[in-house]
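I opened the notebook to look up a few things in this model. My notes follow in the order I checked them.

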Amino acid sequence: MIKEDVVLNTLKCSRAQFPGVLAKKFPHVLEKIIASWNLPGCSAYLADLLQSNGRGGGRLDRDGFPNDAWQEIYKLAELHRTSRSR
């Protein structure tokens with residue numbers, strides 16, 4: 001399991017922004033986001049997670065993310081986008 005301080009330091013975010021649902025229910029997804037955060041492919045991965053026909057759901061073999069996890073991914077995608085535009 002990924003440590004909270006590693007997530008906060010990598011994302012450069014506050015404790016209030018910590019993606020707790022992902023950490024608890026989808027740690028493998030959060031670990032991949034953190035591992036790729038500073039790499040060129042992170043934006044594409046986050047976008048794919050949010051697509052109904054991507055990794056985030058809509059495929060016949062998956063139910064997709066619950067709304068609270070989807071919202072955290074969306075917030076991470078926004079955080080990633082704004083951190084790259086500085």
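**Helix α4.** I looked up which residues of α4 are buried, and found C42, Y45, L46, L49 and L50. I then looked down the axis of α4: these buried residues fall within an arc of 135°, so they line one face of the helix. Next I asked what covers the buried residues of α4, and the cover includes α3 and α5. I note that this is a predicted model.

**Overall layout.** I counted five helices and zero strands in the chain. Along the sequence I read the pattern as α-α-α-α-α. I find 40% of the 86 residues counted as buried. I took contacts with a separation of 6 or more, and 51% of them join residues 24 or more positions apart.

**Core.** I turned to the largest nonpolar core, which has 26 residues. Which of them touch the most other members? I listed L11, L22, I33, L46 and L49. I also listed the elements that give two or more residues to this core: α1 (4-11), α2 (20-25), α3 (27-36), α4 (42-50) and α5 (67-84). In soluble globular proteins, nonpolar side chains tend to be buried together.

I followed L11 further. Leaving out residues up to four places away in sequence, L11 touches P19, I34, W37, L76 and L79.

**Cysteines.** I checked for disulfides and found zero in the structure. I looked up C13, which is buried at a relative accessible area of 14%. C42 is also buried, and I noted 0% for its relative accessible area.

**Aromatic pairs.** I counted two aromatic pairs. For F26 and F65, I have ring centres 5.0 Å apart and planes at 85°, so this pair is edge-to-face. I placed F26 in the loop between α2 and α3, and F65 in the loop between α4 and α5, so the pair ties together parts that are 39 residues apart in sequence.

W70 and Y74 form a stacked aromatic pair, and I noted 5.7 Å centre to centre and 10° between the planes. I see both in helix α5, four residues apart, which means about one helical turn separates W70 from Y74. W70 is partly exposed, with a relative accessible area of 33%. Y74 is partly exposed, at 41%.

Definitions and conventions
Residues numbered from 1 in each chain as written. Predicted model: local features only at pLDDT ≥ 70, side-chain atom pairs only at ≥ 80, totals over all residues. Heavy atoms only, no water. Core = buried A, V, L, I, M, F, W, Y, C linked by side-chain atoms within 4.5 Å. Buried < 20%, exposed > 50% of the residue type's maximum accessible area, 1.4 Å probe, protein only. Contact = heavy atoms within 4.5 Å. Disulfide = S-S within 2.5 Å. Arc of directions from axis to C-beta. Phe/Tyr/Trp six-rings, centres within 6.5 Å; stacked < 30°, edge-to-face > 60°.
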